[in-house]
Each structure stands twice: as structure tokens, then as C-alpha cells.
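Thanks for coming, everyone. Let me put the model up, and then I'll walk you through a few parts of it.

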Amino acid sequence: MQNHQCDEEKGPPSPQETKVQSEGGLNVTLTIRLLMHGKEVGSIIGKKGETVKKMRDESGARINISEGNCPERIVTITGPTDTIFKAFAMIAYKFEEDIINSMSNSPATSKPPVTLRLVVPASQCGSLIGKGGSKIKEMRESTGAQVQVAGDMLPNSTERAVTISGTPEAIIQCVKQICVVMLESPPKGATIPYRPKPASTPVIFSGGQAYTIQGQYAIPHPDLTKLHQLAMQQTPFTPLGQTTPAFPGTYPPGPGDVSAVFTVVTVSGLDSSPPASTHELTIPNDLIGCIIGRQGTKINEIRQMSGAQIKIANAMEGSAERQITITGTPANISLAQYLINAR
């Protein structure tokens, strides 16, 4: 389906990702990429890798999963069309099983649909949508699945996410139709594949010690503590309780820039309440929607999680950027910055 290789744990797929084999009749080999969150990937891998091994063995498809230090992972499925559809069916039914299991501990009565996200070159999305949306409408009506093509490309790539929701049966039929369209309309030009970015971890400094935040716990980090002490000796740091100018995700630092290693919280004690301060950020206009979310859901979530006040300035005519003002304690501001950057 795509003319690129992926950095996967089990090695890249064959360069001949779309070919027709004459032996035994028409047999098209495809590569399909799925975007999954960590929890979904954990379900696919299973205990000691047993689930993914079973899927590989029973479907006959190659199923590779990208490196594990990212919140999102790419699952690549390669093989003749019949093996790909078997693998898709197994994944869809596994997700349905997960939904049923989660509902047994939940008061919810209506079962949510199974949802899969495909990663498709943007140059093929026009064929998928069809003239005036005719093709995508036809897919929805004939399969019963909901299909949505993202308007924006995934970060640093020329690919878009295509979200399919419905029953496992509807999803399988929909994937078959999408594969036909992809084969009829190959990608135009080179495709820059989407590679999920590793998650940056917030760091707190307290009493000369560095702690990384893991879930609800602050875990001492001796290596960062040494760097922090070195930075305090050699770098003109702002006073305790104030944020440093570093920004989450800005490392590796430049030569001699030790302070850039730190994700900006310098607190005199974990229980202390430093005075509120204000920090300003500028964000490109084309990214602001990701931060605000539909009807403000994401920005409200960031406000609640960080405890900071966050104001987004109105768009200025002729400006390609928007200003965000964050007010709160240094810890609040740092967490808000981290959550904004993670979007």
C-alpha cells in the first residue's frame, strides 16, 4: 500500500510491498499500517507475546510493532490480501473482547464500537473520499462502519489517519474496500512515514535531588541529580521556586547547555507552595486546534490536570502564531507546558 520501509522490531517489510504474483492466480501483497495507543498494543501483544504470536501463526501475515518508548505505536501488517484480512479480523475481535471485559466492571449499558486507525498516504486520501465524498459515503452505507479521514497530516509526515468504527464484521468489510481503493490509486510521489515521537518525562527538582514523574509517583533519578548539581554550579539558574527557560522535549542539549536537560521545575520542597507566576508561549496557528480540542475539551483537560490558568489570545490578523498565557505555581506551569507539548 505504501512505498516505504518502517523501523519495526521485526525488521522492515519487503521493498516489494505491492506486487502481483502469478503463481496460484492473482495474489496481491500489501502493507497496512495501524496507529495504536499503548493499551491497545498491550492487548495485541498479550502475555509474553502469546497473542501476537497466535495472530501471526493463524493469519499467516507478518505483524510488526514499532519501538516501545512512545505513547503511540505503529503496527504494520504485511502479506497477501487474505492473510491481512484474517489478521484484521483477529485484531478487531480482540478489541471487541476487551470492550466486553471492560463493560463487566462498568455501569455502561450500550456497547461502544470497535475503533481502528489506519495510517494512509495523504496522496491516496482523495481517492478514498471520492468526488464530493461519494466514495466514503458508499463505504459507510455498504459496510455499516463509520469512516473518517483526518483533515490534517500526522506530524512530520505526509500521511493521514483514517479512523474506522463499528462492529468487527463492518470493520473487516470496510478494510477490504479501502484496500481495493489503495491498489487502484497508488501513492503519488514519495511518502514520508509517520513515526510517533517518544514521550518526554516531566522532572521535579527538590532538595538537590531530581525525580522523574511516573504515574502518581516521583522516582529519584541519580543521573539527573548529578547533572542538576553540575548545572547549579556552572549555570546562572533562576532562584528556587522559579521555572528555568528549558521546555519539555528540548533535549538532547547543545554543547555546554546542561540546564536544557531539565524539564523546568525547580522547587524548594515538594510540599512548598511557591507564589504564582506567569509564563507565555507562542504556538503556530495550525497546531492550536490540537491543543484546544473539540469544543475546548482538550484545553479544559489540561487546565484540570495541571491546575494552571491557561488563556489563549485571539488570532491576530497577519500573524501565523497565537499566544498562550499560563499562570500558576512553577509546578502547575511546568505540567501545563508538558501537556501542551505532548499534544
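Let's start with a pair of residues: His279 stands opposite Ile326 in S14. Before I go on, this is a predicted model, with local features needing pLDDT of at least 70 and side-chain atom pairs counting only at pLDDT 80 or more, while totals for chains, interfaces and linings use all residues. Residues are numbered from 1 along each chain as its sequence is written, and side-chain values use heavy atoms, with hydrogens and water left out.

When I say helix or strand, I mean a DSSP run, numbered from the N terminus: H or I with at least four residues for helices, E with at least two for strands. Strands count as paired if DSSP finds at least two bridges between them.

So, back to that strand pair. S12 and strand S14 (residues 321-328) are antiparallel, with eight bridges between them. They belong to an open sheet of three strands, in the order S12-S14-S13, with antiparallel pairing. Which are the edge strands? Strand S12 (277-284) and strand S13 (309-312), each pairing on one side only. On average, neighbouring strands here are turned by 20° against each other, direction ignored. Angles like this are between N-to-C directions and run from 0 to 180 degrees, using lines fitted to C-alpha atoms, for helices over the stretch in contact. Helix H8 (residues 285-292) packs on this sheet and touches S12, S13 and S14, contact meaning heavy atoms within 4.5 Å. The direction of H8 makes about 120° with that of S12.

Now over to strand S4. Strand S3 (residues 62-65) runs antiparallel to S4, and four bridges join them. In that pairing, Ile63 is opposite Ile77. Is S4 buried or exposed? Eight of its nine residues (72-80) are buried, so S4 is largely enclosed by the rest of the structure. Buried here is under 20% relative accessible area, exposed is over 50%, and partly exposed is in between, with a 1.4 Å probe and protein chains only.

Glu72 sits in S4 and counts as buried at 18% relative accessibility. What does Glu72 touch, leaving aside neighbours within four places in sequence? Leu35, Met36, His37, Arg117, Tyr194 and Pro196. Pro198 is 126 residues away from Glu72 in sequence, yet their C-alphas are 8.4 Å apart in space.

Next, helix packing. Helix H4 (residues 122-129) packs against helix H6 (residues 168-184) at about 120°, with axes 9 Å apart. That makes the two oblique; the cut-offs are under 35 degrees for roughly parallel, over 145 for roughly antiparallel, 65 to 115 for roughly perpendicular, and oblique for the rest. From H4, the contact uses Gln124, Ser127 and Leu128, and from H6 it uses Ile178, Val181 and Met182.

H6 also packs with helix H3 (residues 81-103), at an angle of about 150° and with axes 9 Å apart. The H3 side of that contact includes Phe85, Phe88 and Tyr93, and the H6 side includes Ile172 and Val175.

Last stop, two loop residues. Most residues other than glycine have a negative phi. Lys48, though, has a positive phi of about 55°, in the loop between helix H1 (38-45) and helix H2 (50-59). Lys48 is exposed, at 80% relative accessibility. Gln295 has a positive phi too, near 55°, and lies in the loop between H8 and helix H9 (297-306). Gln295 is exposed at 79%.
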